[in-house]
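Colleague: Hi! I have a model open on my screen and would like a close look at one part of it. Could you walk me through a single residue and its surroundings?

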Amino acid sequence: MEWLLDPLTNFPSQSDGDLVEDGVCVGFITEKIGLSQPTVTAHMRQLSEAGLVTHKQIKNWVFYKPDREAIHAAVLALWQRLVPDAKNILFEAN
């Protein structure tokens, strides 16, 4: 996920699709992570179904980009679940 959050730093420019606007081509993700395309596609599909990334098809390729609001909400919910006094800690810090 970290790579997708900063695509301009972590991936080369693409001939189809803008890295920021459209997301990163699954082929580049596959190449960078060193796994097979079916494996990467299955994992990205899971992230998409969880609402953490969005996907878009351009020609024969699927492009993925992070849904920053959904990621933020998921991290906050997880943190609040793991830290029972999370709301108190948040308010005390401000």
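Here is the part I have in mind, followed by your reply. Where is D22 found, is D22 buried or exposed, and which residues is D22 in contact with?

Modeller: Happy to! Please keep in mind that this is a predicted model. The secondary structure comes to 6 helices and 3 strands, and from the N terminus the order is α-α-β-α-α-β-β-α-α. Of the 94 residues, 26% count as buried. The accessible surface comes to about 6700 Å², with 54% of that area belonging to carbon and sulfur atoms. As for contacts between residues at least 6 apart in sequence, 39% of them join residues at least 24 apart.

Now to your residue. D22 sits in the loop between α2 (7-10) and β1 (24-25). D22 counts as buried because its relative accessible area is 14%, and the cut-off for buried is under 20%.

The side chain of D22 has two polar partners to look at. One is on the backbone: the nitrogen of D18 lies 2.7 Å from a polar atom of the D22 side chain. The other is a side chain, that of K56, which makes a polar contact with the side chain of D22 at 2.5 Å.

If you set aside neighbours within four places in sequence, D22 is in contact with G17, K56, I58, F63, Y64 and K65.

Notes
Residues are numbered from 1 along each chain as its sequence is written. This is a predicted model: local features need pLDDT of at least 70, side-chain atom pairs count only at pLDDT 80 or more; totals for chains, interfaces and linings use all residues. Side-chain values use heavy atoms; hydrogens and water are left out. Helices (H or I, at least four residues) and strands (E, at least two) are DSSP runs, numbered from the N terminus. Buried means under 20% relative accessible area, exposed over 50%, partly exposed in between (1.4 Å probe, protein chains only). Contact means heavy atoms within 4.5 Å. Accessible areas come from the Shrake-Rupley method with a 1.4 Å probe; for residues, only the protein chains shown count as cover. A polar contact is a pair of N or O atoms within 3.5 Å; within protein, one must be able to donate a hydrogen and the other to accept it, and residues adjacent in sequence count only if both atoms are side-chain atoms.
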